[in-house]
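User: I have a new model open and would like to go through it. Can you take some questions?

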Amino acid sequence: MATTTTYDRHFTTTQPHYRQDDRSRYDQQTHSQSTSRTLAIIALLPVGGILLGLAGLTFIGTLIGLALATPLFVIFSPIIVPAVLTIGLAVTGFLASGTFGLTGLSSLSYLFNMVRQTAGSVPESLDYVKGTLQDAGEYAGQKTKDFGQKIQNTAHEMGDQGQGGQVGVHAQVGGGKEGRKSGDRT
């Protein structure tokens, strides 16, 4: 709801009309949110400062340790480098074998669950596959029969064209069109 008031007969403003309960409830929520934010900042500021200080001390300690250990690394590098490589490869091998084992077990588990879920629909699937194979067999048989008929018709036509015996068939196959045009039957 809004109420309209007039100031000096020229300016009209619209202001939201709040009940006293709503305004006090709104003020309490705003006050509690700002209080909780302030308490969170006050509590986290020392914790963040302490952690930042510890991070700095750890960094400085690491730099000092590295400066002291560098000559030892240089002196013992012919021994340390192969040892680190061997240990690294061994750890990598163990991690890879564990990963492959977990992957294999999860794959087998997935496959087992899939087979168990589809156990009820296997008869319908088998009937479908059986019908499809039967249709494919009938189609292949019909195509074979048609192809055999085509070969038989072609052989029949070749025999009708070359009634002169073997020599005519030879001339037709060997000589092609030129042999028939010239009449050469030898």
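Analyst: What follows is a short exchange on this predicted model.

User: Which elements does the protein have, and in what order do they run from the N terminus?
Analyst: The order is β-β-α-α-α-α, with four helices and two strands in the protein.

User: What does the UniProt annotation "transmembrane region" cover?
Analyst: According to the unreviewed UniProt entry, residues 39-66 and 72-96 carry that annotation.

User: How much helix is there over residues 39-66?
Analyst: That span is 100% helix and 0% strand. Its end C-alpha atoms lie 41 Å apart.

User: And residues 72-96?
Analyst: There the chain is 96% helix, again with 0% strand, and 32 Å separates the end C-alpha atoms.

User: Switching to the surface. Which residues form the nonpolar patch?
Analyst: Leu 66, Leu 72, Phe 73, Ile 75, Phe 76, Ile 79, Ile 80 and Val 84. Together they have about 790 Å² of accessible area.

User: Which helices supply the patch with at least two residues each?
Analyst: α1 (20-75) and α2 (77-117). The largest share, four residues, is from α1.

User: Take Phe 73. Where is its place?
Analyst: Phe 73 is in helix α1.

User: What share of the protein counts as buried?
Analyst: 3% of the 186 residues.

How values were computed:
Residues numbered from 1 in each chain as written. Predicted model: local features only at pLDDT ≥ 70, side-chain atom pairs only at ≥ 80, totals over all residues. Heavy atoms only, no water. UniProt positions renumbered as here; feature names shortened; annotations may be inferred. Patch = residues over 30% accessible without salt bridge, like charges linked within 9 Å, V, L, I, M, F, W, Y side chains within 5 Å. Areas by Shrake-Rupley, 256 points an atom, 1.4 Å probe, with all protein chains shown as cover. Salt bridge = Lys/Arg side-chain N within 4 Å of Asp/Glu carboxyl O. Buried < 20%, exposed > 50% of the residue type's maximum accessible area, 1.4 Å probe, protein only.
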